[in-house]
Structures are given as structure tokens and as C-alpha cells.
Amino acid sequence: MNILILSRKATYYSTKALKQAALAGQHSVLVVDPLKCTLAIRDKKPVVYAGLKELTGLDAVIPRIGTVGLEYALAVVQHFEDQKVPVLNSASAIMQAKNKFASLQILNSAGLPVPRTVLIRSIAQVKKAVTSVGNFPDIRRDPSFGGPVVLKLLKGSQGIGVILAKTLETITAILNAVWALDYDVIIQEFIPEAGGQDIRVLVLGEQVIAAMRRRAKKNEFRSNIHCGGSAEKIVLPLLYQKLAVRAARALKLQFAGVDLIESARGPLIIEVNASPGFEEMERVTGINIAKKVINFSVKFARESLSFKK
């Protein structure tokens, strides 16, 4: 098959691993930066160029879409969908997952457990917002209450744009600064009983293919590997597997990284990643994630092609 990987850099670990797995499976593979594509509508047909070359004859597209140039990259993915090329994760699914609050809305509507979360754009509502996530005493009894809560930019990855705020003054200052830049921030409950740990689950199709527990480094609450966290392989309980698969299905993702945190109320889904990196997952578990993704993409493409026939 002719496989296209959309990635900002061919040197990223996951991109390289996918390319190597595709070549090992005797497939043709091309890596293209979506931001270097040109899109055209010609004679009612969607056309994609990489440089001066028109991209044709593709059997499958695997998007590896980050936050930089997101809207443009999604337009590229959509163009391939309009060409009826099988795409591993659709543009609409990626867009939903990239917006942290929109994804929580969808997960909550599907009856899945998520942390208490607030989205506001008014400084007058800050006290009420932080009280509603459950980490603060009632402001009517204690006007000088303090944190902590977690503040998250709506779009971000690898722990970037995630802040632990411990006082109302800090929260207010951060919100004022971020709103001045025209960014939206969600306020989310802090789960102290998690002890700086979470669980990353990789879902492919309707199956969990790998899982690991991540631990934050000392004096850090974010467990992301890019923030210095460590990881270990785990045997994932059936309940957690079902939650992860349901989360990916709710967001209509074929390949997803689902992050779970263990609270006193049970496991909560804190985030779903539409383009999960898997370097640490492969190292920790010994599972060839790239091979599984390529094999699934080929099967998915063949089934799509058979359906069209």
C-alpha cells in the first residue's frame, strides 16, 4: 500500500518508527509536513500538493498533528477525507480531542467520569468557579481560602500550559494574564490522592494495545515524560480498559492516548490525545506500537476500499 504520514518533522521518534514499520511491511511510505502542503479545489475535486508534486494514489493517511498550525493541518486532513482516502483519525475527531473542554463535554455527555471542570471568561466569576471544582472551602465561611486547582490552556500537549495554582491571588493573576492574550483557560480540580501519578492507555480501534503508569518527578505534579516524569508497565484493570475504549469511541478516534487519574471517586479521564507519542510506551512495555498502528491502518484502508466497491 501507499501510506502517507503527516508530520511536522520526519525525525520525530513516532514518525520514524511508523515509517520503519511501514517499510518493514513492504509498503511504500511518504512523510510530509502538513504545513508545507498546498490545497486546491480544481474542477470540483480536492487536490493536495507537497511542494510542486501532487499527492495521488494514496491508500492510507496517518495524521500526526500537533498544536502548531492546527487549523491548517486539519484542513489538509479534511482534504484527504474529501478525496475518499482512508484517514486513521478524522479532522473532526482530532479537532474535538485537541480542545480540552470540548472533549470533556463529549466524554461527560457519553456518561464517562471526568474531573470537576470550569470554563469561564469573567474575573467576577473566579471565586464561584474555583469553589465549584471542590478544592476550596465555601467562600461565605472563609473569604481568604486557598488552593490548589489546576489551570489548563484549552490547547496544549506534553504538560505545556498546565499550571498548579495554590492561592486565589495566583489564580486571578494567571487568568488575567492569559485572558489578556486572548487565550481561554479551564479550571480543574486537583486530585491530591493521585500522588502525582496517572495512567496512559493507548487505544487502537476497539482494543487497548498498551498501558503504563507515569510518575511525576520530585516537586512536580505533572507526570508527563516531557516534564521529567518516569514510567512503568502495568496490567490494566478491565474497568480502566473499558473506560479508555469508550473514551476513544466517544471522540470517534481510531488511535488515541487516553490519560486516566485515580481519585477517591474512582478512575477519571483527564485527557484524550489524538496523536499520542509512543517512544516511552514502546521502551517500557516492549510492544512494537508502530507496527500495530501500521497493520491497523492497512486493515482499515482495505476495509474502507472494499466497502466503497
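**Close-up views of a predicted model**

**View 1. The loop between β3 and β4.** Asp43 lies in the loop that connects β3 with β4. The model shown here and in the following views is predicted. Although Asp43 is not a glycine, the phi angle of this residue is positive, at about 55 degrees. The relative accessible area of Asp43 is 69%, and the residue is therefore classed as exposed, the limit being over 50%. The flanking strands, β3 (residues 37-42) and β4 (residues 45-50), run antiparallel and are joined by 6 bridges.

**View 2. The hairpin of β4 and β5.** Strand β4 is also joined to β5 (residues 53-54), by 2 bridges, and the two strands run antiparallel. Within this pairing, Tyr49 has Glu54 of β5 opposite to it. The hairpin has 2 residues between β4 and β5, and in its turn Gly51 adopts a positive phi of about 70 degrees.

**View 3. An open parallel sheet of 3 strands.** The strands follow the order β2-β1-β6, and their pairing is parallel. The edge positions are taken by β2 (28-32) and β6 (60-64); each has a single partner strand, so one side of each lacks a neighbour in the sheet. On average, neighbouring strands of the sheet are turned by 20 degrees against each other, with direction ignored. Strand β1 (residues 2-7) runs parallel to β6 and is joined to this strand by 5 bridges. Leu6 has Pro63 as its bridge partner in β6. Helix α2 (residues 70-82) packs on the sheet and touches both β1 and β6, and the direction of α2 makes about 160 degrees with that of β1.

**View 4. Packing of helix α2 against helix α3.** For α2 and α3 (residues 91-98), the axes come within 8 Å and cross at roughly 155 degrees. Because this angle is over 145 degrees, α2 counts as roughly antiparallel to α3. On the side of α2, the contact is made by Leu70, Leu74, Val77, Gln78 and Glu81. On the side of α3, Ala91, Ile94, Met95 and Lys98 take part. Sorted by class, the residues in the contact of α2 with α3 comprise 6 nonpolar, 1 polar and 2 charged.

**View 5. Lys84 in the loop between α2 and α3.** The loop between α2 and α3 contains Lys84. This residue is not a glycine, yet Lys84 has a positive phi of about 70 degrees. With a relative accessible area of 57%, Lys84 is exposed.

**View 6. Two aromatic pairs.** The structure holds 2 aromatic pairs. In the pair of Tyr13 and Phe278, the ring centres are 6.4 Å apart and the planes stand at 75 degrees; planes over 60 degrees apart count as edge-to-face, so this pair is edge-to-face. The pair links distant parts of the chain, the two residues being 265 residues apart. Tyr13 belongs to helix α1 (residues 13-24), whereas Phe278 belongs to the loop between β15 (266-273) and α8 (279-285). In the pair of Phe296 and Phe300, the ring centres are 6.2 Å apart and the planes lie at 5 degrees, so the arrangement is stacked. Phe296 and Phe300 are 4 residues apart in helix α9 (residues 289-308), so about one helical turn separates them.

**View 7. Leu23 of helix α1 and Ile3.** Leu23 is part of helix α1. The relative accessibility of Leu23 is 45%, and this residue counts as partly exposed. Leu23 and Ile3 are 20 residues apart in sequence, and their C-alpha atoms are 9.8 Å apart in space.

Conventions: Residues numbered from 1 in each chain as written. Predicted model: local features only at pLDDT ≥ 70, side-chain atom pairs only at ≥ 80, totals over all residues. Heavy atoms only, no water. Pairing = 2+ DSSP bridges. Axes fitted to C-alpha atoms, helices over the stretch in contact; angles between N-to-C directions. Contact = heavy atoms within 4.5 Å. Phe/Tyr/Trp six-rings, centres within 6.5 Å; stacked < 30°, edge-to-face > 60°. Parallel < 35°, antiparallel > 145°, perpendicular 65-115°, else oblique. Nonpolar A, V, L, I, M, F, W, Y, C, P; charged D, E, K, R; others polar. Buried < 20%, exposed > 50% of the residue type's maximum accessible area, 1.4 Å probe, protein only.
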